[in-house]
Amino acid sequence: MTCKITANDIVVKSWNQLVEEVYHDAWKQQLGRYRSDYAFRGLSDCSYQLKNSFLRNCGNHPELEYHLLRNFRKYARTSEPQLTNTQLRSLVLAQHHGLTTRLLDWTYSPFVAMHFATANTEKFDIDGVIWKVDFVKVNQLIPKPLNALLSLEKCNAFTVEMLESEFLTLQKFDEKIGPGHVLFFEPPSLDERIVNQFAFFSITTNATAILDDWLLEHPNLYRRIIIPAELKWEVRDKLDQANITERVLFPGLDGLASWLKRHYQPKFIEE
């Protein structure tokens, strides 16, 4: 199965080209270093939209977000209560544990994104995709007062602490920034999974927004790298050799079992 190719898409033909493309535009002349401004998200099916889990689960009912988060905060039992002492921290913790939220998972690591584009062997007959979004330029579009914080802190990505300094609730976040905005922020290091996946989140000022729609209005901010189905096995094998696996990205017995199940699955199974 192949994707409909647009002007912002590049279809790679080899592993070498894939690596070149994920690092495209990473060189910073003023630093003399390779420092990418991109967030990456890998999907096993190139036709998947950038829909958050709240929209997929609850449809066009944004009023349900408050009730989901209210009850999560009510019933969540944790030895670290500071993880739920604000709505934003509760949102991050809820996302991390599988609750449907307006957040989308991203990563700073192109190789982690490659993993998620090739982890599902049942999708190996379908082209995968890696989304590259220039989070630096996205965050610069955020109006004040948040935009000024980036300059004050001399950084390119928001942190939870920075967001909390201006907004203690999602309602205030939506109201003060206004509709039609997206920003990227770094989550707290809740556990090894967050750390090992080099995790990054995007959040919109509308719980039911589809990020594809916003990006189509800002075509200079993103690219899509299409991984053809016939290339997935090679990418997968080379990622395994590089130790980019479920065992590392999902520390614990669940991740170990997922890695072993996939790693020892024959490419061809006799019926």
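1. Arg262 and Asp240 are both buried, where buried means under 20% relative accessible area, exposed over 50% and partly exposed in between, with a 1.4 Å probe and protein chains only. Their side chains meet in a salt bridge, N to O at 2.9 Å, a salt bridge being a side-chain nitrogen of Lys or Arg within 4 Å of a carboxyl oxygen of Asp or Glu. Since Arg262 lies in helix H14 and Asp240 in helix H12, the pair ties together parts that are 22 residues apart in sequence. Helices (H or I, at least four residues) and strands (E, at least two) are DSSP runs, numbered from the N terminus.

2. This is a predicted model, in which local features need pLDDT of at least 70 and side-chain atom pairs count only at pLDDT 80 or more, while totals for chains, interfaces and linings use all residues. Residues are numbered from 1 along each chain as its sequence is written, and side-chain values use heavy atoms, with hydrogens and water left out.

3. Asp240 also forms a salt bridge with Arg236, the closest N and O atoms being 2.9 Å apart. These two residues are four apart in helix H12 and are therefore separated by about one helical turn. Arg236 is buried at 1% relative accessibility, and Asp240 is buried at 14%. Through shared partners, salt bridges join Arg236, Asp240, Glu246 and Arg262 into one network.

4. The salt-bridge count comes to 11. One of them joins Glu164 to Arg89, with 2.8 Å between the closest N and O atoms. This pair links distant parts of the chain, Glu164 being in helix H8 and Arg89 in helix H4, 75 residues apart. Both Glu164 and Arg89 are buried.

5. The largest nonpolar core has 25 residues, of which Leu146, Phe158, Leu183, Phe185 and Ile203 touch the most other members; such a core is a set of buried Ala, Val, Leu, Ile, Met, Phe, Trp, Tyr and Cys residues joined through side-chain atoms within 4.5 Å. Two or more residues each come from helix H4 (87–96), helix H7 (146–153), helix H8 (160–164), helix H9 (170–177), strand E8 (182–186) and strand E9 (199–204). H4 gives the largest share, four residues. A second, separate core of 24 residues includes Ala39, Leu43, Leu211 and Leu221.

6. Leaving aside neighbours within four places in sequence, Phe158 has contacts that include Leu146, Leu150, Leu163, Leu183 and Phe185, contact meaning heavy atoms within 4.5 Å. Gln87, in helix H4, is buried with a relative accessible area of 16%. Not counting residues up to four places away in sequence, Gln87 touches Leu69, Arg73, Leu168, Thr169 and Leu170.

7. In helix H9 the buried residues are Leu170, Phe173 and Ile177. They cover an arc of only 55° around the axis, which puts them on the same side of H9; the arc is that of the directions from the helix axis to the C-beta atoms. These buried residues pack against helix H3 (63–75), H4, H7, E8 and E9, whereas the face of H9 turned away from its buried side carries the exposed residues Gln171 and Lys176.

8. In helix H14, Gly255, Trp259 and Arg262 are buried. Their arc of only 75° around the axis puts them on the same side of H14. What covers them includes H12 and H13, and the face turned away from the buried side carries exposed Leu253, Asp254 and Lys261.

9. Most residues other than glycine have a negative phi, and most peptide bonds are trans. Lys144 and Pro145 are joined by a cis peptide bond, with omega about 10°, and Pro145 lies in the loop between helix H6 (135–140) and H7. Lys154, not a glycine, has a positive phi of about 55°; Lys154 is found in the loop between H7 and strand E7 (158–159) and is exposed at 76% relative accessibility. Asn243, also not a glycine, has a positive phi of about 70°, lies in the loop between helix H12 (232–241) and helix H13 (246–249), and is partly exposed at 37% relative accessibility.
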